[in-house]
Amino acid sequence: LHALLAGLECSGRSPTDSKPLVESILRRQAPNGGFVDLRNATTPPADANATVAHTRHAIESLRILGSLDAETGSKAARFLNACRQPFGAYSSKPSH
């Protein structure tokens, strides 16, 4: 989804109805603030399945769609900070 939205943005276009896309993305945010794979919408989002990559794609997709609100961004930031390693890099999931 992210690649499609990025392509539309680069070409100056946007989805005609972004509401279902936004709702679908937001439903994939786990309780820890990270996002899980958008392709597996049949199971509830679990903390153990949230990753930095899925979170990055979800946040960037919401930005492109003009729907990244402060609460969603704040939760995602807490998740990403939990993934940060002491030497500055990020692990795919929180280490605790």
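Q: What is a salt bridge, and how many does the structure hold?
A: A salt bridge is a side-chain nitrogen of Lys or Arg within 4 Å of a carboxyl oxygen of Asp or Glu. In this predicted model, the structure holds five salt bridges.

Q: Which parts does the salt bridge of Arg63 and Glu9 tie together?
A: The side chains of Arg63 and Glu9 meet with N and O 3.1 Å apart, and because Arg63 belongs to helix α3 while Glu9 belongs to helix α1 (residues 2-10), the pair ties together parts that are 54 residues apart in sequence. Arg63 is partly exposed, at 39% relative accessibility, and Glu9 is also partly exposed, at 34%. A network of salt bridges links Glu9, Glu60 and Arg63.

Q: Where do Glu23 and Lys19 lie?
A: Both are in helix α2 (residues 19-26), four residues apart, which is about one turn of the helix, and the closest N and O atoms of their salt bridge are 3.9 Å apart. Lys19 counts as exposed at 56% relative accessibility, whereas Glu23 is partly exposed at 36%.

Q: How are two packed helices described, and at what angle do α3 and α4 cross?
A: The description uses the angle between the axes and the distance between them. Here the axes of α3 (residues 52-64) and α4 (residues 70-83) come within 11 Å and cross at roughly 155°; since angles over 145 degrees count as roughly antiparallel, the two helices are therefore roughly antiparallel to each other. Their crossing is left-handed.

Q: Which residues of α3 and α4 meet?
A: Val52, Thr55, Ile59 and Leu62 in α3 meet Thr72, Ala76, Phe79, Leu80 and Cys83 in α4. The residues of this contact divide into seven nonpolar, two polar and no charged.

Conventions
Residues are numbered from 1 along each chain as its sequence is written. This is a predicted model: local features need pLDDT of at least 70, side-chain atom pairs count only at pLDDT 80 or more; totals for chains, interfaces and linings use all residues. Side-chain values use heavy atoms; hydrogens and water are left out. Axes are lines fitted to C-alpha atoms, for helices over the stretch in contact, and angles run from 0 to 180 degrees between N-to-C directions. Angles under 35 degrees count as roughly parallel, over 145 as roughly antiparallel, 65 to 115 as roughly perpendicular and the rest as oblique. A crossing is left-handed if the near helix is turned anticlockwise from the far one by less than a right angle, and right-handed if clockwise. Contact means heavy atoms within 4.5 Å. Ala, Val, Leu, Ile, Met, Phe, Trp, Tyr, Cys and Pro count as nonpolar, Asp, Glu, Lys and Arg as charged, and the others, Gly among them, as polar. Buried means under 20% relative accessible area, exposed over 50%, partly exposed in between (1.4 Å probe, protein chains only).
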